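This report goes through selected packing and pairing features of one model. Please keep the sequence and the 3D view at hand while reading.

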Amino acid sequence: MLFCDFDGTITLSDNIVAVMKQFDPPGWRPIVDDIVALRKSVRQGVGEMFALIPSARKQEITDYILSTAGIRPGFQSLLDWCKANGVEFYVTSGGIDFFVYPMLAPFDIPLDHIYCNGSSFEGDRIEILWPHACDDECDNDCGMCKTTVIRRFPKDRYTRILIGDSVTDFAGAKLADLVFSRSHLTERCVELGLPHVPFETFHDVVRHLDEGDW
Ligand SMILES: [Mg+2]
Ligand SMILES: [Zn+2]
C-alpha cells in the first residue's frame with residue numbers, strides 16, 4: 001500500500017498556510033506559531049484558524065486553491081504505476097475536503113481512498129470536522145490521524161510505503177516499511193535511521209518502485 005500526503009507532497013506547497021496568507025483573517029499567525037511550537041495540537045489549531053473565516057467565503061477559497069496550487073510533476077505516472085502493479089494508493093491528508101477533493105477531481109482516485117478532514121458551512125464561520133481522528137494508540141490530537149489509518153493495514157499482511165514531506169508524516173514514517181521523503185521528513189528519517197528515499201518529483205518515486213528494491 002502507498003500512503004501519500006497531500007499538502008506539500010501531491011501539491012507543491014501547503015494549502016492551509018496559503019489560504020491563511022491570502023484571506024488573512026485577524027489572529028491566524030499566533031495560532032500557527034502555537035502549532036509549530038507544539039503549544040497547540042494540529043487539530044485544535046487548524047480548527048481555530050478556519051473558525052476565523054466566514055462560511056460565505058467557501059467558494060472563494062476553493063477557487064483560490066484550484067487556481068494557484070500546483071500538482072507535483074509525475075503524479076499521474078505514479079497513479080498509473082499503482083494501477084498497473086496492483087498497488088493500492090491512499091491519500092492521507094491533513095487538508096480539508098472542500099479543497100482536497102476538487103484538487104484531486106481530475107485524477108481517478110476512489111473517494112474511499114482519500115482520507116482528509118471535513119467541514120461545515122452551516123454556521124457563520126467555517127467549522128472543521130474530524131471524521132478520522134486519533135484512535136486509542138495515538139495521543140497527538142492529529143485531526144486526520146495518519147497512524148490510525150496505517151494501523152488498519154497490519155504490518156504482517158501489507159508492505160506499507162509512506163510518501164510525505166513534513167511534521168504530520170513523522171509518526172506514520174515510523175510505521176512504514178519504506179518512506180519517500182522530502183524536506184523536513186528527510187531530516188527526520190536521517191535522525192531516526194528510518195529507511196527512506198529522498199525524492200523531488202513523483203517520477204523519482206516511480207523510478208525507484210520500478211527497480212523493485214522494496
Ligand atoms: Mg505535507
Ligand atoms: Zn493521531
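## Helices α3 and α4

In α3, the residues W28, I31, D34 and I35 meet V42, G45, E48 and M49 of α4; a contact here means that two C-beta atoms, placed from the backbone, lie within 7 Å. By class, this contact has 5 nonpolar, 1 polar and 2 charged residues. Nonpolar covers Ala, Val, Leu, Ile, Met, Phe, Trp, Tyr, Cys and Pro, charged covers Asp, Glu, Lys and Arg, and the others, Gly among them, are polar. This is a predicted model, in which local features need pLDDT of at least 70 and side-chain atom pairs count only at pLDDT 80 or more, while totals for chains, interfaces and linings use all residues. Residues are numbered from 1 along each chain as its sequence is written, and chains are lettered from A and ligands numbered from 1 in the order in which they are written.

Helix α3 spans residues 28-36 and helix α4 residues 42-50; they pack at an angle of about 170 degrees, with their axes 9 Å apart. Axes are lines fitted to C-alpha atoms, for helices over the stretch in contact, and angles run from 0 to 180 degrees between N-to-C directions. α3 and α4 are therefore roughly antiparallel to each other, a label for angles over 145 degrees. Helices (H or I, at least four residues) and strands (E, at least two) are DSSP runs, numbered from the N terminus.

The buried residues of α4 are V42, R43, G45, V46, M49 and F50. They pack against α2 (15-23), α3, β2 (89-96) and β4 (127-129). A residue is buried if 20 or more other C-beta atoms lie within 10 Å of its own, exposed if 12 or fewer, and partly exposed in between.

## The sheet

An open sheet of 7 strands runs in the order β4-β3-β2-β1-β5-β6-β7, with mixed pairing; two strands pair if DSSP finds at least two bridges between them. β4 and β7 (196-198) stand at the edges with a single partner strand each, so one side of each is left without a neighbour in the sheet. On average, neighbouring strands are turned by 20 degrees against each other, direction ignored.

Strand β5 (residues 161-164) pairs with β6 in the parallel sense over 4 bridges, and β6 pairs with β7, also parallel, over 3 bridges. F180 in β6 stands opposite I163, and its bridge partner in β7 is V197. Helix α10 (residues 183-192) packs on the sheet and touches β5, β6 and β7, its direction making about 140 degrees with that of β6.

Leaving out residues up to four places away in sequence, V179 touches L162, A173, L185, C189, L194, P195 and H196.

The largest nonpolar core has 48 residues, of which L2, C4, Y90 and V179 touch the most other members. Such a core is a set of buried Ala, Val, Leu, Ile, Met, Phe, Trp, Tyr and Cys residues joined through C-beta atoms within 7 Å.

T11 lies in the loop between α1 (6-10) and α2. It counts as buried because it has 24 C-beta neighbours inside 10 Å. Beyond four places in sequence, T11 touches F6, A69, G70, I71, R72 and M103.

F98 is found in helix α7 (residues 97-104). With 18 C-beta neighbours inside 10 Å, F98 counts as partly exposed. Leaving aside neighbours within four places in sequence, F98 is in contact with K58, T62 and S119.

Definitions and conventions
Angles under 35 degrees count as roughly parallel, over 145 as roughly antiparallel, 65 to 115 as roughly perpendicular and the rest as oblique.
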